[in-house]
Amino acid sequence: YSSLRRLEDSNNAYMMAAENFLRTDRISSYVHCLLRVCSNYEQEEDIDNTKEYLDMCQPFLDRVSDMVLGVYYSSKLIYLNEFDDYEAIKTTLEEYQEVVTEENIDYLSVSSSYLKLGYPQKAIDVVINRDYSGNLHDFMRRYTTLMFAYEQMSDYEQAYYYTNKFYRLYDEYTLSLFDQDTQFIEERYSLEVKALKEKKSKWMILSICIGVILLMISFLVYI
């Protein structure tokens with residue numbers, strides 16, 4: 001559902017998973033599900049729900065894995081970047097890089113925060129040499145960060161270069177979603193047809209059995 005951009009369905013599925021994780025005391029997985037919902041709301045620019053789910057995670061942070069803690073701080077930075085509370089952004093950046101190991105830091109979120117604080121060169125430095133080619137969404141975020149960073153520095157040639165890169169990649173991303181959606185519809189249609197055939201087959205068998213039974217009963221009555 002997340003891949004198909006059906007975010008409401010995605011949120012419902014994550015919350016059902018979260019409830020079961022909480023019930024079985026798997027707190028790290030529970031918080032991770034909440035953060036995925038939080039991420040969906042961030043993509044929809046729903047600030048109120050983003051904050052609500054971040055607040056739900058807060059009491060459990062001392063019981064989560066380093067990876068999930070990294071996701072939490074990344075989501076918090078994305079949320080804070082919507083406001084002009086520079087002190088909160090600075091504090092969160094420092095905490096993020098102190099309490100989370102490097103391999104679990106989302107430097108794209110860090111870079112966006114540097115942009116918000118007015119440090120475009122720092123924003124470039126933390127992502128320019130990192131490889132995001134394995135993740136299409138992060139690859140697009142990288143281009144977006146570089147595009148805005150060079151624009152802040154008035155280097156419009158580089159800004160245009162990364163803008164062009166971004167939109168080419170975005171077209172590829174949109175096409176991949178369309179292909180996934182088409183495949184999903186085709187698979188669902190095939191399953192529905194298969195289910196109807198099985199149902200029809202069961203009714204035919206049942207009808208034949210009933211017919212045979214009625215025939216036997218009629219024969220016995222005749223005798």
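The structure is a predicted model, in which local features need pLDDT of at least 70 and side-chain atom pairs count only at pLDDT 80 or more, while totals for chains, interfaces and linings use all residues. Residues are numbered from 1 along each chain as its sequence is written, and side-chain values use heavy atoms, with hydrogens and water left out.

The protein holds nine helices and zero strands, where helices (H or I, at least four residues) and strands (E, at least two) are DSSP runs numbered from the N terminus. Read from the N terminus on, the order of elements is α-α-α-α-α-α-α-α-α. Of the 223 residues, 35% count as buried; here buried means under 20% relative accessible area, exposed means over 50%, and partly exposed lies in between (1.4 Å probe, protein chains only). Contacts, defined by heavy atoms within 4.5 Å, can also be sorted by distance along the sequence. Among those between residues at least 6 apart in sequence, 55% join residues at least 24 apart.

The interior comes next. In soluble globular proteins, nonpolar side chains tend to be buried together. A nonpolar core is taken as a set of buried Ala, Val, Leu, Ile, Met, Phe, Trp, Tyr and Cys residues joined through side-chain atoms within 4.5 Å. The largest such core has 54 residues, and Val31 and Val110 touch the most other members. Helix 2 (residues 27–43) supplies the largest share of this core, nine residues. Leaving aside residues up to four places away in sequence, Val31 is in contact with Cys57, Phe60, Val64 and Val68.

A disulfide is a pair of cysteine sulfur atoms within 2.5 Å, and a search of the whole structure finds zero of them. Cys38 is in no disulfide, and its nearest cysteine sulfur, that of Cys57, is 6.7 Å away. Cys38 is buried, with a relative accessible area of 0%, and Cys33 is buried as well, at 8%.

Two further buried residues show how separate elements meet. Ser109, found in helix 6, has a relative accessible area of 0% and is buried. Not counting residues up to four places away in sequence, Ser109 touches Ser74, Leu77, Ile78, Asn81 and Arg141. Tyr132 sits in the loop between helix 7 (120–125) and helix 8 (136–152), and with 12% relative accessibility this tyrosine counts as buried. Tyr132 and Leu108 are 24 residues apart along the chain, and their C-alpha atoms are separated by 9.9 Å.

A nonpolar surface patch of about 710 Å² is formed by Trp203, Leu206, Ile210, Ile213, Leu214, Ile217 and Val221. Patches are made of residues with over 30% relative accessible area and no salt bridge, like charges being joined within 9 Å and nonpolar side chains (Val, Leu, Ile, Met, Phe, Trp, Tyr) within 5 Å. One member of this patch, Leu206, lies in helix 9 (residues 156–222) and is partly exposed at 41%.

Charged pairs complete the picture. A salt bridge is a side-chain nitrogen of Lys or Arg within 4 Å of a carboxyl oxygen of Asp or Glu, and the count comes to six. Asp55 and Lys51 form one of them, at 2.8 Å from N to O. Both lie in helix 3 (residues 47–57), four residues apart, about one turn of the helix. Asp55 is partly exposed at 42%, as is Lys51 at 38%. In another salt bridge, the closest N and O atoms of Lys116 and Asp84 are 3.2 Å apart. This pair links distant parts of the chain, 32 residues apart: Lys116 in helix 6 (residues 107–117) and Asp84 in the loop between helix 4 (66–80) and helix 5 (86–99). Lys116 is partly exposed at 26%, whereas Asp84 is exposed at 55%. Arg141 and Asp138 also form a salt bridge, with 3.4 Å between the closest N and O atoms. Salt bridges that share partners join Asp106, Asp138 and Arg141 into one network.

How values were computed. Accessible areas come from the Shrake-Rupley method with a 1.4 Å probe; for residues, only the protein chains shown count as cover.
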